[in-house]
Amino acid sequence: MTGVLLALTLSIAGLAIISIKDVINTLPIVPTILMFTIDGMIIYLFYKMNVNKEDIAFGILIATILKVFMFAFTKKENK
């Protein structure tokens with residue numbers, strides 16, 4: 001269950017970065033660094049809450065798949 005919660009939290013963070021990407025449009029690397037920082041803080045928070053490593057790995061895997069779909073659909077809508 002915590003893996004699903006981690007995946008949803010990371011996906012919401014990715015969605016927030018997508019929505020503020022237009023505001024921070026100076027350099028394309030800035031939203032990426034911001035997303036990695038927020039993801040790292042979320043994963044560290046779950047690690048400190050003594051979540052199993054398998055649940056963390058499952059959450060990261062599912063969140064990555066969800067983020068790829070979100071980024072692909074936003075690119076398709078922008079064209």
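For the charge count used here, Lys and Arg are positive and Asp and Glu negative, with His and the chain ends left out; each charge is placed at NZ of Lys, CZ of Arg, CG of Asp or CD of Glu. On that basis the protein has 7 positive and 5 negative side chains, and the centres of the two sets lie 6 Å apart. The model is predicted: local features need pLDDT of at least 70, side-chain atom pairs count only at pLDDT 80 or more, and totals for chains, interfaces and linings use all residues. Residues are numbered from 1 along each chain as its sequence is written, and side-chain values use heavy atoms, without hydrogens and water.

**Overall fold**

- The protein has 3 helices and 0 strands, where helices (H or I, at least four residues) and strands (E, at least two) are DSSP runs numbered from the N terminus.
- Along the sequence the pattern reads α-α-α.
- Taken along the principal axes, the C-alpha atoms fill a box of roughly 40 × 20 × 15 Å.
- Among contacts (heavy atoms within 4.5 Å) with a separation of 6 or more, 76% are between residues 24 or more positions apart.

**Surface and burial**

- Of the 79 residues, 27% count as buried; buried means under 20% relative accessible area, exposed over 50%, and partly exposed in between, with a 1.4 Å probe and protein chains only.
- The accessible surface is about 5800 Å², and 73% of this belongs to carbon and sulfur atoms; areas come from the Shrake-Rupley method with a 1.4 Å probe, and for residues only the protein chains shown count as cover.
- Val4, Leu8, Phe58 and Leu66 make a nonpolar surface patch of about 320 Å².
- Patches are made of residues with over 30% relative accessible area and no salt bridge, joining like charges within 9 Å and nonpolar side chains (Val, Leu, Ile, Met, Phe, Trp, Tyr) within 5 Å.
- Helix H1 (2-20) and helix H3 (53-78) each supply at least two residues of this nonpolar patch.
- One of the patch residues, Phe58, is found in helix H3 and is partly exposed, with a relative accessible area of 39%.

**The salt bridge**

- Side chains of opposite charge can pair when their charged atoms come close.
- A salt bridge is counted when a side-chain nitrogen of Lys or Arg is within 4 Å of a carboxyl oxygen of Asp or Glu, and the count by this rule is 1.
- The partners are Asp39 and Lys67, with their closest N and O atoms 2.3 Å apart.
- This pair links distant parts of the chain, as Asp39 is in helix H2 and Lys67 in helix H3, 28 residues apart.
- Both partners are buried: Asp39 has a relative accessible area of 10% and Lys67 has 8%.
- Helix H2, which holds Asp39, covers residues 29-48.
- Beyond its neighbours within four places in sequence, Asp39 is in contact with Leu10, Ala13 and Lys67.

**Loop residues**

- Lys21 is placed in the loop between H1 and H2 and counts as partly exposed, at 28% relative accessibility.
- Not counting residues up to four places away in sequence, Lys21 touches Pro31 and Lys75.
- Lys21 and Pro31 are 10 residues apart in sequence and 6.3 Å apart in space, C-alpha to C-alpha.
- Asn50 lies in the loop between H2 and H3 and counts as exposed, at 69% relative accessibility.
- Phi of Asn50 is near 60°, a positive value in a residue other than glycine.
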